[in-house]
There are 2 protein chains.
Amino acid sequence: MHPDWTRRERPLRLERRLAFPDYEATRRFLEQAGALSEQEGVYPDISFGRTYVNITLHADDNATELSDEQRRFVDALDAFQPTDTNEAHP
Amino acid sequence: MHPDWTRRERPLRLERRLAFPDYEATRRFLEQAGALSEQEGVYPDISFGRTYVNITLHADDNATELSDEQRRFVDALDAFQPTDTNEAHP
């Protein structure tokens, strides 16, 4: 899992903030994430502005771990080209 | 302006929450809003999940009113088909 994910408790969730060079890159990422959500049936809470995206993925109620679908979603999201995330523009 | 917009002070901003029947409708609205942002150069802070979208449009620093672009953005956003928003599914 990408080191930028933060695990928080009560309620159990994963959080990650991504920065982008411009709105076009932000939008491209959001479209990829949207397609992934539909494909995996996993719908994180997402907030965004022109050059940032915050993702919060809540574990299922009373779960003590993320589900397989949620883990798969996180892995797939991490695999999006680095140029779409802040690695390319620290 | 649609009655669902709420004007808040300190800092001056407009807020609106929209509910959708499913993720497909949520995504279609987000794509329309994204295209509008690029067209008008207006980038609200947006948060969303599977069936909701929250929009916060901040006035420019020290502004006492929204700019013309921001007003145009709000009007255009309100004009999206009602079936994309909670009017059709109260």
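Two strands pair if DSSP finds at least two bridges between them. Strands (E, at least two residues) and helices (H or I, at least four) are DSSP runs, numbered from the N terminus. With that in hand, welcome to this predicted model, where local features need pLDDT of at least 70, side-chain atom pairs count only at pLDDT 80 or more, and totals for chains, interfaces and linings use all residues. Residues are numbered from 1 along each chain as its sequence is written, chains are lettered from A and ligands numbered from 1 in the order in which they are written, and side-chain values use heavy atoms, leaving out hydrogens and water.

Let us start with the sheet. It is open and antiparallel, and its 8 strands follow the order E1(A)-E2(A)-E4(A)-E3(A)-E3(B)-E4(B)-E2(B)-E1(B). E1 (6-8) of chain A and E1 (6-8) of chain B stand at the edges with a single partner strand each, so one side of each has no neighbour in the sheet. From one strand to the next, the twist averages 15 degrees.

E1(A) pairs with E2 (residues 13-19) of chain A over 3 bridges, in the antiparallel sense. Arg8(A) has Arg13(A) in E2(A) as its bridge partner.

Contact means heavy atoms within 4.5 Å; axes are lines fitted to C-alpha atoms, for helices over the stretch in contact, and angles run from 0 to 180 degrees between N-to-C directions.

| Helix | Strands touched | Angle |
|---|---|---|
| H1 (residues 23-40) of chain A | E2, E3 and E4 of chain A; E3 of chain B | about 20 degrees with E4(A) |
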